[in-house]
Each structure stands twice: as C-alpha cells, then as structure tokens.
Amino acid sequence: MIKSKDDQYIEKYMKEEYSSLNSENKFVGKFILKNTKGKVLDFGCGPNLLFWSIFMKDATRIDAFDILPENIGYVKKALNMKSKSPIYHEVAKYVQRTSKNNDADMLNNTVEKIKVLKIADMLKILPFTKNF
C-alpha cells in the first residue's frame, strides 16, 4: 500500500508528539480527566482521538468528526491496533493511578464509548444533533 504525503505526515506527527506521555500531555490530560463528563462532541478530532479519549474516563459517549479523511483513517487504524501500541496502555495506567480508577479493561471500555467517527466539513450542517 502506498502512503500519501498526508499519511506520512500524520505518522511522523504522532510519533513525535504522542509516542510518550510527556509533561505537556500529562498537563492537558489532567485537565481533560477533571473536566470531561457525559457526552463528548469532538470537532476536529485529529489523528490523536484515542490518546485523549482515554483521559475521558467519565464520558458516556464520544462522537468525533474531522475534515481530513487521513485523520479519520489513522484513528480507525489506532482503534484496531490499540492493544499492540504501548502508548495507549501507558496512558490507561497513568489515568488509573491518577484517578484511582480500577477499571482493568479501561482501553477497551474507552473504545466502546466512541460511537461516531466521521469525516465532516465543519462549515456545513453536521449530522450530530439527534445525540446532543
């Protein structure tokens, strides 16, 4: 399979910014952990939806949209490969320690919360109103 320049850029970006749980990611993650509850609507989710969704332990539903098909494609790949990627396990363990959450299956439970993952042009009417 030949990868486009956008696919290569996304992979490079994710490797550089989200291959470890650095202090900046922990800072943002703690904010998300503390302030995210109920239904989440993520416009412009980017390729890192799964990474940040793990911090949303009190979310009941996550609907995500992005204008770039490459971002949605990367997220779908991440959802399918989650168990093979050490960073997602590292984030889940961090969230468990930080929030004193004993959910042994946090990663799979997070994926179950992601109900909608679509390409959408944010300048047009979005197909989310019935859920929010």
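Tutor: The conversation below covers the sheet, the salt bridges and a surface patch of a predicted model.

Student: What is the order of the strands in the open sheet?

Tutor: The three strands run in the order β1-β2-β3, and their pairing is parallel.

Student: And which are the edge strands?

Tutor: They are β1 (37-43) and β3 (114-119), each of which pairs on one side only. On average, neighbouring strands of this sheet are turned by 10° against each other, direction ignored.

Student: How many bridges pair β1 with β2?

Tutor: Seven bridges join β1 to strand β2, which covers residues 58-66, in the parallel sense. Within β2, Ile62 stands opposite Val40.

Student: What holds paired strands together in general?

Tutor: Strands of a sheet pair through backbone hydrogen bonds, in either a parallel or an antiparallel manner.

Student: Changing topic, how many salt bridges are there?

Tutor: The count comes to four salt bridges, taking a side-chain nitrogen of Lys or Arg within 4 Å of a carboxyl oxygen of Asp or Glu. One of them links Glu16 with Lys12, where the closest N and O atoms are 3.9 Å apart.

Student: Where do Glu16 and Lys12 lie?

Tutor: Both belong to helix α1 (residues 5-18), and they are four residues apart, about one turn of the helix.

Student: Which residues form the positive surface patch?

Tutor: Lys26, Lys30, Lys93 and Arg97 form that patch. The elements giving two or more residues to the positive patch are α2 (23-35) and α5 (86-99).

Student: In which helix is Lys93 found?

Tutor: Lys93 is found in helix α5.

Definitions and conventions: Residues numbered from 1 in each chain as written. Predicted model: local features only at pLDDT ≥ 70, side-chain atom pairs only at ≥ 80, totals over all residues. Heavy atoms only, no water. Patch = residues over 30% accessible without salt bridge, like charges linked within 9 Å, V, L, I, M, F, W, Y side chains within 5 Å. Areas by Shrake-Rupley, 256 points an atom, 1.4 Å probe, with all protein chains shown as cover. Lys, Arg positive; Asp, Glu negative; His and termini not counted. Charge placed at Lys NZ, Arg CZ, Asp CG, Glu CD. Pairing = 2+ DSSP bridges. Axes fitted to C-alpha atoms, helices over the stretch in contact; angles between N-to-C directions.
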